[in-house]
Amino acid sequence: MILVTGAAGKTGRAVLQALARRGQPARAWLRRAEQAEDRLSADTVVGDLEDARLWVEACRGIDAIYLICPNMYARELEVSRLAMRAAQEVGVKRIVYHSVLHPQTEEMPHHWQKLRVEEEIFRSGLPFTIVQPCAYMQNVLAYRDEIEATGRYTVPYDVEARFALVDLVDVAQAAARVLTESGHEGAVYELGGPANLSSLEIAQGLAERLGRPVEAVETPLEAWKRSARAGGMPSETVGWLAAMFGYYDSYGLIGNGNVLGWLLERAPTSLAQFMARTFTD
Ligand SMILES: NC(=O)c1ccc[n+]([C@@H]2O[C@H](COP(=O)([O-])OP(=O)(O)OC[C@H]3O[C@@H](n4cnc5c(N)ncnc54)[C@H](OP(=O)(O)O)[C@@H]3O)[C@@H](O)[C@H]2O)c1
């Protein structure tokens with residue numbers, strides 16, 4: 001039995017689906033009871049990831065934890081410590097941590113805190129596997145309305161900066177393999193995508209898929225911040241995202257899909273394949 005945290009989120013759902021396809025039972029950790037209505041899993045635990053007692057309960061009868069922390073969550077290290085403590089108390093056989101590509105980048109707080117988690121996992125003495133996915137292709141879907149309405153793909157960083165982009169379905173399939181097989185203990189797997197693409201190339205791919213021109217446009221970071229604040233985004237999240245965009249602007253985020261291809265035993269999904277699947281009429 002595998003405990004999947006953040007189970008109602010984007011990543012958690014994909015991992016639960018991939019585990020189900022392998023016939024692997026899972027316990028889904030949800031924040032709110034109504035999320036169970038989605039029938040993500042028959043076995044659920046409901047509550048806050050910062051509840052130490054709930055962690056111990058959630059880990060009973062569990063072989064492995066798939067630890068997904070909420071996105072941009074300032075207390076990721078604290079949550080991870082609770083997971084490790086409960087795993088040790090109950091005797092969970094392995095912790096598999098959903099990290100991020102290049103957690104070493106100190107300029108991006110949400111990457112840097114994942115490095116601290118990885119460090120504590122190494123020191124915990126627990127058998128572990130760490131997966132480090134790059135940005136999901138699914139993130140592009142958030143721009144869909146704007147793209148369809150205006151023909152513009154607007155980002156607050158250099159449109160020529162390059163990024164590794166991966167299909168979340170591939171990440172989830174790789175995670176499910178790592179969770180259900182032995183032989184991955186002690187591994188840290190970078191999960192890059194099939195190519196490192198600029199926003200110009202993403203816009204070109206969108207244009208080909210939609211059959212209309214799509215222009216990649218850079219908006220100034222200060223303008224993005226003003227609009228995010230006006231939209232009610234918490235100031236800490238604005239700061240973390242702005243740090244990420246600043247880093248992207250200078251360096252992009254380059255990865256490599258070889259390890260993912262090895263885990264999938266096939267080529268990782270290309271952006272064109274992803275768009276053909278998701279941008280349907
Ligand atoms: N997006 C990417 O491109 C990418 C790439 C690599 C790695 N990652 C990492 O993947 C992880 C998951 O990201 P995601 O986008 O899948 O997250 P997400 O969709 O925001 O899902 C997070 C889930 O956690 C729940 N949650 C939030 N706070 C909680 C709490 N205190 N207690 C219990 N549950 C709580 C949320 O509940 P509600 O539904 O109630 O809000 C939500 O269901 C993050 O650590 C992120 O850094 C993301």
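A polar side-chain atom of asparagine 71 lies 3.2 Å from an oxygen atom of the ligand, a polar contact being a pair of N or O atoms within 3.5 Å. The model is predicted: local features need pLDDT of at least 70, side-chain atom pairs count only at pLDDT 80 or more, and totals for chains, interfaces and linings use all residues. Residues are numbered from 1 along each chain as its sequence is written, and side-chain values use heavy atoms, without hydrogens or water.

For tyrosine 73, a polar side-chain atom is 3.0 Å from a nitrogen atom of the ligand. For aspartate 48, a side-chain N or O atom is 3.4 Å from a ligand nitrogen. The ligand alone exposes 920 Å², of which the protein buries 85% (Shrake-Rupley method, 1.4 Å probe).

The shell around the ligand holds 25 residues (a heavy atom within 4 Å). Thr11, Arg32, Cys69, Lys114 and Asn139 are the closest. By class, 11 are nonpolar, nine polar and five charged. Gly counts as polar, and Tyr and Cys as nonpolar.

The ligand sits in the largest pocket, with more than half of its atoms within 2 Å of the pocket's grid points. A pocket is an open set of points on a 1 Å grid where a 1.4 Å probe fits, with protein on both sides within 12 Å along at least five of seven lines; lining residues have an atom within 4 Å of a point. The space in this pocket is about 1400 Å³, counted as that filled by probe spheres set on the points. Its lining comprises 50 residues, with Lys10, Asn71, Met72, Tyr136 and Asn139 closest to the centre. The lining divides into 30 nonpolar, 15 polar and five charged residues.

Conventions. Polar contact = N/O pair within 3.5 Å; in protein donor to acceptor, adjacent residues only side chain to side chain.
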